[in-house]
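Please look over the sequence and the model before reading on. The briefing takes up a few local features, grouped by topic.

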Amino acid sequence: MIDRTRLRELHAAEERRFVDDRPRSAALAKEAGDALLAGVPMPWMTRWPGAFPLVFERASGARFTDVDGREYVDLCLGDTGAMTGHALPEVTEAIAERAATGITTMLPSTDAAWVAEELRRRFGLARWQMAMSATDANRFVLRFARHLTGRPKVAVMDWCYHGTVDETLAVLDEGGRVVPRPGALGPQVDVAVTTRVVPFNDPAALEAALAHGDVAALLMEPALTNIGIVLPEDGYLDEVRRLTRAAGTLLIIDETHTICAGPGGATRAWGLDPDILVVGKPIGAGVPAAAYGVSADVADALGPQMRSHDIDVAGVGGTLTGNALALAAVRRTLSVALREEDFAMAIPLAQRWADGVAGVIAAHGLPWHVQRLGARAEYWFCPPPRDGASAAAAVDEELEAFLHLWALNRGILLTPFHNMALFSPHHTEADVDLHTRVFGEAVEALLGR
Ligand code: PMP
């Protein structure tokens, strides 16, 4: 239904508008081009819409302002890192206090036990430790799983994302072989050696993968969120638990994104029972921090070994991991944000957004769909996919790039890499309605209506 020539013309006009509206970002991009590799501090920052990444100056609540003085409604929220809302005053205060009294000593601070207790209350797992990022946490718990089971491999879902963890950057090719993600930057050691990959929502494939008896852990999101939102079918997660238990494979649930389902993530919302749980990104309201929780059984097996000198702990943690600043930020964040009452505000906004987008889609008879998980929602150019491969096949980069740029030029930042919006208690219904209007206008322009 989309005329590609029209799409390209519209996109070119948006590209011009982007450049014209942002002289200061353009100038900074030029400067940055000299000393920064690829002109940006992180490779994925090259993926933003527009000829250059806009440079932000300040963010607060659900909004930010760029260096050209333009204000945006932030539906990306640092891809969940700022899901609490930006620059929470209480967290800012805690960070300042801690910065003034010492950030890092390698010793535990007084906040550590409080944080562990609160994470236990929220997610239900018995014992906790800290990491700097969800990536790190995933790396550490995979190490634990291999240590405890004596098995070499890990299993992941096709088209998953769990951070820059080598074992998890794997997909199935058309022949069902485990291969690195297409175009992988420096593909890792043969990923088929380390990893078994199974399609989401496919218990039979999981059973077959685990039957080899060599899988230490299954690491998964309870709903895929990194190739769009793919929700579990009824009974699927029960089957996952039953099959992993039967195979002696540890079940690791990564709640880094699915914490959008509620204060205890999907684990609490859906009554899941993982052996290990990982959560990162928003728990420090943007200060780098992550945590992993383990069941009582895993804790009983691992804790005494950690305390003794029988194992080498060098493979887990880093010098700055669990530093006092991160713990102070997490403590204050969990005290004032990501609580029931916060989700009670954010989730209806995500629902309103999904309804608004669905209304535009229906009005134009497009075969597109919207999916929501708690405070997060996303639109697709196809019916809701049931696994990662069909989700990946439905990605339309050209169309996506246009819709992102169109929104950005009208003051809305969407999450890069997919058509996702995330809500905080700081958004308003007017923010949602602005997106609905802007999205509707983009569709009308595309269809020439
Ligand atoms: N797990 C999941 C489910 C994620 O979505 C991500 C990042 N998008 C990570 C882990 C890694 O988080 P980080 O980049 O903060 O280490």
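Predicted model: local features only at pLDDT ≥ 70, side-chain atom pairs only at ≥ 80, totals over all residues.

**Helix 1**

- Helix 1 covers residues 4-20, and its 17 residues reach 24 Å from the first C-alpha to the last, which is close to the 24 Å expected at 1.5 Å a residue.
- The buried residues of this helix are Leu7, Leu10, His11, Glu14 and Phe18, and because they fall within an arc of 105 degrees when seen down the axis of helix 1, they line one face of the helix.
- An α-helix has 3.6 residues a turn, so residues three or four places apart point the same way.
- The cover over the buried residues of helix 1 includes helix 14 (397-409) and helix 15 (429-447), whereas Glu9, Arg16 and Asp20 are exposed on the other side.
- Where helix 1 starts, the backbone nitrogen of Thr5 has a side-chain oxygen of Asp3 within 2.9 Å.

**Strands 1 to 3**

- Strand 1 (residues 56-60) runs antiparallel to strand 2 and is joined to it by 4 bridges, with Arg58 standing opposite Thr65 of strand 2.
- Strand 2 and strand 3 (residues 71-74) also run antiparallel, joined by 3 bridges, and Tyr72 in strand 3 is the bridge partner of Phe64.
- In strand 2 (residues 63-66), Phe64 and Asp66 lie on a covered face, while Arg63 and Thr65 lie on an uncovered one.

**Hairpins**

- The hairpin of strand 1 and strand 2 has 2 residues between the strands, and in this hairpin Gly61 takes a positive phi near 60 degrees.
- The hairpin of strand 2 and strand 3 has 4 residues between the strands, and there Gly69 takes a positive phi near 80 degrees.

Notes: Residues numbered from 1 in each chain as written. Heavy atoms only, no water. Buried < 20%, exposed > 50% of the residue type's maximum accessible area, 1.4 Å probe, protein only. Pairing = 2+ DSSP bridges. Expected span 1.5 Å × (residues − 1). Arc of directions from axis to C-beta. Contact = heavy atoms within 4.5 Å. Polar contact = N/O pair within 3.5 Å; in protein donor to acceptor, adjacent residues only side chain to side chain.
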